[in-house]
Amino acid sequence: MNEKSYMEIKSKNLSLNEKEIKEGKLRLQSLPVSLYIDINLKCNLQCPSCFRSDPKLRNKSWPTMDFETFEKIAHELFPTAHRAILSGGGESIIHKDFDDILKLTLHYQVRPVLYTNATLLNEKRLMLLVRAGTYLAISINGATKEKFEKLRYPAKWERLTQSLDLIKETREKENNQDFFPYFGVVVQKDNLKELSLFVDLSVKHGFELIKYSKLDPYFAELERKMPDPEHADKEFINAFERANKNKIRLYAPDYGKTSFTETLKKLREENASIQISLDKNNPDRFVKYPSFESKFCEIPWKETMITPEGKVVVGCCSGYLLGDINKETFATIWNNKKYQKLRKKVNSKRPLRFCRVDSCPFRK
């Protein structure tokens, strides 16, 4: 089947999916337009802010998805899906069949979404990532050699900059406008003073976006790494001023009311008006997650998550088990009683426990 045929299938599925959501259907003829496939939970780094650094998890064995399982998912779901998020809690690129996984996304015209520490990027792999139009997050955390190597142990700064140079070169060579690399930064006390330096790195390497996120205190020791809101907002003012001057879009967390709130609000509004190439074809547009503006959730109709072991779960808010693709087809799971119950309850006055305002990360 050619590229045009797959895009026609995807378009028809998306239209049907939108119709079924509007009608409140519990049993669906359409399939998910967004896939969250956690292909690997192993990692080659030992970052101190990562959940896997919890002393309680020191001897835990992290699973990897069999390529045969991935192929099964691809053949059943890729023809109708628009995007495939290939990252979860590990470094996906260390999967031994990662290049073959990318080739399947290319074959079925599914746009990959990937989060990586960039330590294992090479020319061949980057060529595949660029040709597939990957939405590529480079998880970095340090904007200088000292901070980077402290927060991304045992990665080396020189290897990172080599990867960033290669991204720029390959991007220019392939000229695929859908390929979009950006920086992902977890904000913590250790890197507060470097928040604006990430803007300089973006300018140098041709990146248009930086996504800053809050540190999640998975275990007690991380509480001490949480930044003071006043200090964080003060540094974000510097970052936004530099970003607005250089036309770099920033996503920054809200730390609540501080003495810098009003100044930061104006800078955020100015920054939000900056146009970037991602605006033309943003893979995030396919699923409406709950937000402050609207609590309505489309996830049970539009997106599914599959773990490395092949379990189908509600990955956004919990490990709520919906089925196992090793035992039955996804189409059977997609319309089983548990999925129908989730669709019936999610936007009701009495949603399932993990979809409530005090539990769901999108509805808080």
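I shall begin with the salt bridges and then turn to the nonpolar cores.

First, the basis of the values. This is a predicted model, in which local features need pLDDT of at least 70 and side-chain atom pairs count only at pLDDT 80 or more, while totals for chains, interfaces and linings use all residues. Residues are numbered from 1 along each chain as its sequence is written, and side-chain values use heavy atoms, with hydrogens and water left out.

A salt bridge here is a side-chain nitrogen of Lys or Arg within 4 Å of a carboxyl oxygen of Asp or Glu. By this rule the count comes to 22.

Let me take one of them, between Lys-96 and Asp-97, where the closest N and O atoms are 3.1 Å apart. For accessibility, buried means under 20% relative accessible area, exposed over 50%, and partly exposed in between, with a 1.4 Å probe and protein chains only. Lys-96 is exposed, at 75%, whereas Asp-97 is buried, at 14%.

The next pair is Glu-174 with Arg-131, again a salt bridge, with 3.1 Å between the closest N and O atoms. It connects distant parts of the chain, since Glu-174 belongs to helix α6 (residues 157–174) and Arg-131 to helix α4 (residues 123–131), 43 residues apart. Helices are DSSP runs of H or I with at least four residues, strands are runs of E with at least two, and both are numbered from the N terminus. Glu-174 is partly exposed at 26%, and Arg-131 is partly exposed at 48%.

Lys-145 is partly exposed at 37%, as is Glu-158 at 43%.

I turn now to the interior. A nonpolar core is a set of buried Ala, Val, Leu, Ile, Met, Phe, Trp, Tyr and Cys residues joined through side-chain atoms within 4.5 Å. The largest such core has 91 residues, and Phe-70, Tyr-212 and Phe-236 touch the most other members. Helix α8 (residues 229–246) gives the most to this core, with six residues.

Contact means heavy atoms within 4.5 Å. Leaving aside residues up to four places away in sequence, Tyr-212 touches residues including Val-185, Phe-198, Phe-236, Leu-250 and Pro-253. Another core, of ten residues, lies apart from the largest one; among its members are Ile-85, Val-113, Tyr-182 and Ile-276.
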